[in-house]
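Could you walk me through this protein chain in plain words? I would like to hear about its overall build, its core, its pockets and its aromatic rings.

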Amino acid sequence: MLSKQELIDVIEKCNNLSALGPNKLTWSHIKSIIKNKECIFKLLDIANVCIDLEHWPSHFKTSTMVIIPKPNKSAYDSPKVYHSIVLLNTIGKLFKKMIGECFQFHTIANNFVHQSQLGGLKQRSTIDAEVILTYIIRLGWVKNLITSTLAFDIAQFFLSLNHQLLPLIFDKAGLDHKVSNFFKNYLVGRKTKYCWNDFISLIFNINIGVGQGSVLSPILSALYLSSIFQILEKHLKILNIPISMIPFVDNSLFVSQNKSISLSNANIFCSYKVISSLLLKFGLIIKHEKTDIFHFSKAHGPFNPPALNLSPLDGPSLLPKEIWKYLGFIFDHKLTFRNRIDFYSNKAISTIKCMKLLENSMRGINPIQKRQLYRCCALPIALYRFSLWFYNKSPTYYHFNILRKMQRRATL
């Protein structure tokens, strides 16, 4: 049962500036409404009855999708140069936020989610994935092992989740039948219409997958993937393949540690073959063109690891690059993070240059305002996720030298 405190906690986090849904009700309106205790309990009654009756009302399933062109594009002849905003019933969004918070808490508390699954879950973010990866790499270096990683991406992940399979996964996880039946009803009968400038399309059905931006999508996708990774672990154990996994929503990572890169490549190839076959059975496909391999070694001198040929699996031949970008982070094979500090320092300098736009012909911004802007806007960019390269006894001369140069540019 959803409680009064859960409703209050959820609505306090809602942004009053969010776009209006079909019912034209803003979050500030709802925040005013719940000041009345009777209204709070009426809202709670509706939310709890939805779960008790295993039913999600049809007006909560109807949405409007607004198509917005991305700025500064040379041509607008491809879907990639547009992005969409889905407008939903505000009360429905409130109930979904409450159900999502409660559902996520219970699934994680009862170990329904795979222990290595990151992303889309509370207190599990990209920085957690990178800290875990760097820890594994450095631990391997202590044992004189080279760490090899293979990153792969699942194509159209959220749209490909099977509606018939999800309730079976809930039952397998031991969730209450009411919860399972509620989601059976929640996933079907969804409708939307497109809005593009003055054009509004007819309403049509969208009974595929789960909405990528939906509040409930992260936990539903985590449960879906958990069953896949549990089966994968059993397969790899039977085949005696020593591989670690770091899944992050639809981006996953295989990690192999050996003294020989050829042996790691063989382990990764077998693991990739198993996961490709397994995902296909669950109605999912890997984007082979986005698959990357990278090796980490602290060895001095030239480092030219061999390519990994995935052509027998209809994939490309992967040749490791000098730097590797993963989940917004930049890695090199020695974990010096010099490319990373160069990139973010230049980005911070670009932000500093934009401060001149705040000036006018009469006067500029004063030193106190410059300092505030630097600390609030530029410094967080330059020090983005600095915990990966700044730790006890880490070599930081290069990093601080670049940061000092950036700071001197800011004072001019």
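## A guided look at the chain

The secondary structure of this chain comes to 13 helices and 13 strands, where helices (H or I, at least four residues) and strands (E, at least two) are DSSP runs numbered from the N terminus. This is a predicted model, in which local features need pLDDT of at least 70 and side-chain atom pairs count only at pLDDT 80 or more, while totals for chains, interfaces and linings use all residues. Residues are numbered from 1 along each chain as its sequence is written, and side-chain values use heavy atoms, with hydrogens and water left out.

Let us begin with the whole chain. Its C-alpha atoms fill a box of roughly 75 × 70 × 45 Å, taken along the principal axes. Of the 412 residues, 43% are buried; buried means under 20% relative accessible area, exposed over 50%, and partly exposed in between (1.4 Å probe, protein chains only). Among contacts (heavy atoms within 4.5 Å) with a separation of 6 or more, 70% join residues 24 or more positions apart.

Next comes the core. A nonpolar core is a set of buried Ala, Val, Leu, Ile, Met, Phe, Trp, Tyr and Cys residues joined through side-chain atoms within 4.5 Å. The largest one has 106 residues, and those touching the most other members are L94, F95, F183, I228, L232, W324 and F331. Helix α9 (residues 217–238) gives the largest share of this core, with 10 residues. Which residues is F331 in contact with, leaving aside its neighbours within four places in sequence? They are E130, L133, T134, F294, F296, E322, I323, W324, Y326 and F337.

On a 1 Å grid over the protein atoms alone, a pocket is an open set of points where a 1.4 Å probe fits, with protein on both sides within 12 Å along at least five of seven lines; lining residues have an atom within 4 Å of a point. Grid points are joined across faces, edges and corners, and a volume is the space filled by probe spheres set on the points. In the table, Ala, Val, Leu, Ile, Met, Phe, Trp, Tyr, Cys and Pro count as nonpolar, Asp, Glu, Lys and Arg as charged, and the others, Gly among them, as polar.

| Pocket | Volume | Lining residues by class |
|---|---|---|
| Largest pocket | about 1,200 Å³ | 16 nonpolar, eight polar, 10 charged |
| Second largest pocket | about 550 Å³ | eight nonpolar, four polar, six charged |

Of the 34 residues lining the largest pocket, M65, V86, G211, Q212 and G213 are the closest to its centre. The second largest pocket has 18 lining residues, with K13, K97, G100, E101 and K122 nearest its centre. Helix α5 gives the most to this second lining, eight residues.

Finally, the rings. Rings of Phe, Tyr and Trp (its six-membered ring) pair if their centres lie within 6.5 Å; planes under 30 degrees apart count as stacked, over 60 as edge-to-face and the rest as tilted. By this rule there are 31 aromatic pairs. The ring centres of W56 and F60 are 5.0 Å apart and their planes are at 50°, so this pair is tilted. Both W56 and F60 are buried. F182 and Y186 make a stacked pair, 6.4 Å centre to centre with 25° between the planes. Both lie in helix α8 (residues 177–187), four residues apart, about one turn of the helix. F182 is buried, with a relative accessible area of 2%, and Y186 is buried at 7%. Ring pairs link W56, F60, F95, F103, F170, F182, F183 and Y186 into a cluster.
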